[in-house]
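Subject: Structure handover

Hello,

I am passing the structure on to you with this email. Please open it first; my notes on what was found follow below.

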Amino acid sequence: MIKILQVRNIDSFVESRRQKTSEKDRKTVQAILNDVRKNGDSAVKKYERKFNGRKTSQLRVSAKEIKEAQSKIGRGKENDAIWGAGTLRENQSRIATRLPGLTRSVNVSYHIAKNSISFVPIPSVGCYIPGGQARYPSSAFMSVIPAKQAGVKRIVVVSPPGRDGKIDPLTIVAAKRFGATEIYKVGGAQAIGTLAYGTKSIPKVDKIVGPGGKFVSIAKSLVNDQVAIDMVAGPTELGIIADASSDPELVALDLISQAEHSSDTMCFVITQSKTVAKQIQKSLEKLIPDVERSAIVKQSISKNGFIAVCKNQNEMIELANKIAPEHMELMVKNAKTLSKKITGAGLLLIGKNTPSAASDYLLGSNHILPTNGFGRTRGGLSVLDFLKIQTVVESNKKGLSKLRDSLKTLTDAEGLPNHYKAVKRRLD
């Protein structure tokens with residue numbers, strides 16, 4: 001069951017809890033990527049057969065299959081299932097309309113040169129939608145909507161098929177409805193390889209986004225020298241800061257809700273009270289045996305879960321910011337005040353009625369979030385991930401003449417005299 005741990009040294013505590021990539025797993029993924037790069041579609045189909053247990057003749061989801069998926073999902077059910085996409089789309093649209101380049105350019109004139117800065121869409125992106133132990137139609141619109149709002153022309157969706165060789169119908173419907181131009185039945189490291197290197201069936205993309213399991217995360221990091229990626233978005237993480245005002249059962253239910261994703265998830269609590277820690281531990285022991293997906297939940301909580309007991313609030317804040325989990329719930333008194341000091345989480349959820357289970361679907365935030373400590377340096381997926389800054393500079397002879405002496409000083413200092421000569425020739 002979940003462990004109660006006294007925090008003594010924060011840095012060593014964080015290091016001991018960080019999920020590490022084994023060399024064996026890295027070599028396994030590298031071998032898959034090498035095979036896909038060399039053998040293309042045949043390697044992809046081989047790994048689909050190996051990992052998904054079914055022979056795949058056609059990787060792309062056909063127009064007929066899209067219609068079949070739409071017929072299986074009634075319009076009412078479809079609207080209910082992706083209701084939260086409207087809020088997400090509105091939020092992303094607000095970001096987009098504030099960016100120069102989507103609506104206008106920013107021109108900055110200097111005495112020497114004129115600079116024009118704009119944001120332009122990335123030409124093509126690949127959106128990885130997880131599958132396997134669960135279905136994630138919500139991840140389809142979480143990745144496709146920001147890409148569409150940014151103006152990306154080619155939006156490729158890949159997702160592992162089930163044992164029947166098909167992708168979940170609602171995942172197909174959500175992806176198509178919000179702008180996917182291509183959908184493919186392929187998952188795992190082999191899917192990342194196809195997006196990065198391209199095959200006969202699946203042309204390569206410029207950037208790969210989306211969450212995935214351990215092998216998907218490793219694959220994204222390994223292909224990053226060939227293609228851009230959004231972030232390391234691996235197995236989900238949830239941290240909860242709790243105190244005497246917290247409801248132990250609600251804390252336990254929230255931990256369970258994230259732990260049910262997979263056995264690799266990391267769900268934990270930070271508190272100052274051993275009494276609170278024991279209450280939460282007892283709630284988990286009571287609830288887990290009777291919940292659905294209890295085997296996954298139990299393995300996740302026992303393997304990766306913990307309750308950290310800190311000496312004071314400052315220690316709690318420091319620990320939370322250094323672990324920097326994907327989601328961080330503040331189920332404490334004065335949660336808004338405390339939230340101003342929590343800067344490391346990928347997504348911050350304030351108060352007892354803002355559970356991560358709701359933010360995963362319908363609260364307007366994106367659930368594709370950084371994991372493994374990367375919440376310290378970035379937030380969730382947004383239109384910004386699908387844009388590049390385009391800078392255009394125009395100078396003239398008069399402008400260049402003003403920087404002659406400065407340029408000579410800098411090129412002499414760096415030992416690059418031909419830089420200066422290239423400019424000087426224009427001025428002579």
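Threonine 411 is a place to start: setting aside its neighbours within four places in sequence, this residue is in contact with Leu416, Pro417, His419 and Tyr420. Please keep in mind throughout that the model is predicted. Threonine 411 is part of helix 18, which covers residues 404-414. Its relative accessible area is 5%, and because buried means under 20%, threonine 411 counts as buried. Between the C-alpha atoms of threonine 411 and alanine 308 there are 55 Å, with the two residues 103 apart along the chain.

Next, the aromatic rings. Four aromatic pairs were counted. One of them joins phenylalanine 268 and phenylalanine 306, and it is stacked because the ring centres are 4.9 Å apart and the planes are at 5 degrees. Phenylalanine 268 belongs to strand 10 (residues 266-271) and phenylalanine 306 to strand 11 (residues 306-309), so the pair ties together parts that lie 38 residues apart in sequence. Together with Phe13, Phe268 and Phe306 form one aromatic cluster.

The structure has one cavity of 30 Å³ or more. The largest cavity holds about 40 Å³ of space. Its lining is made up of Arg17, Arg18, Gln19, Glu237, Met266, Ile323, Asn372 and Gly373. By type, that lining has two nonpolar, three polar and three charged residues.

Last, an open site. The second largest pocket has a volume of about 480 Å³. It is lined by 23 residues, and those closest to its centre are Gln19, Lys20, Thr21, Lys214 and Asn372. Gln19 and Asn372 are also among the residues that line the largest cavity.

Which helices supply at least two residues each to the lining of this pocket? They are helix 1 (10-17), helix 2 (23-39), helix 10 (214-222) and helix 13 (294-304). Helix 10 gives the most, with four residues. The lining of the second largest pocket divides into four nonpolar, 10 polar and nine charged residues.

Regards

Terms used. Residues are numbered from 1 along each chain as its sequence is written. This is a predicted model: local features need pLDDT of at least 70, side-chain atom pairs count only at pLDDT 80 or more; totals for chains, interfaces and linings use all residues. Side-chain values use heavy atoms; hydrogens and water are left out. Rings of Phe, Tyr and Trp (its six-membered ring) pair if their centres lie within 6.5 Å; planes under 30 degrees apart count as stacked, over 60 as edge-to-face and the rest as tilted. On a 1 Å grid over the protein atoms alone, a cavity is a set of points where a 1.4 Å probe fits but cannot get out, and a pocket is an open set with protein on both sides within 12 Å along at least five of seven lines; lining residues have an atom within 4 Å of a point. Grid points are joined across faces, edges and corners, and a volume is the space filled by probe spheres set on the points. Ala, Val, Leu, Ile, Met, Phe, Trp, Tyr, Cys and Pro count as nonpolar, Asp, Glu, Lys and Arg as charged, and the others, Gly among them, as polar. Buried means under 20% relative accessible area, exposed over 50%, partly exposed in between (1.4 Å probe, protein chains only). Contact means heavy atoms within 4.5 Å.
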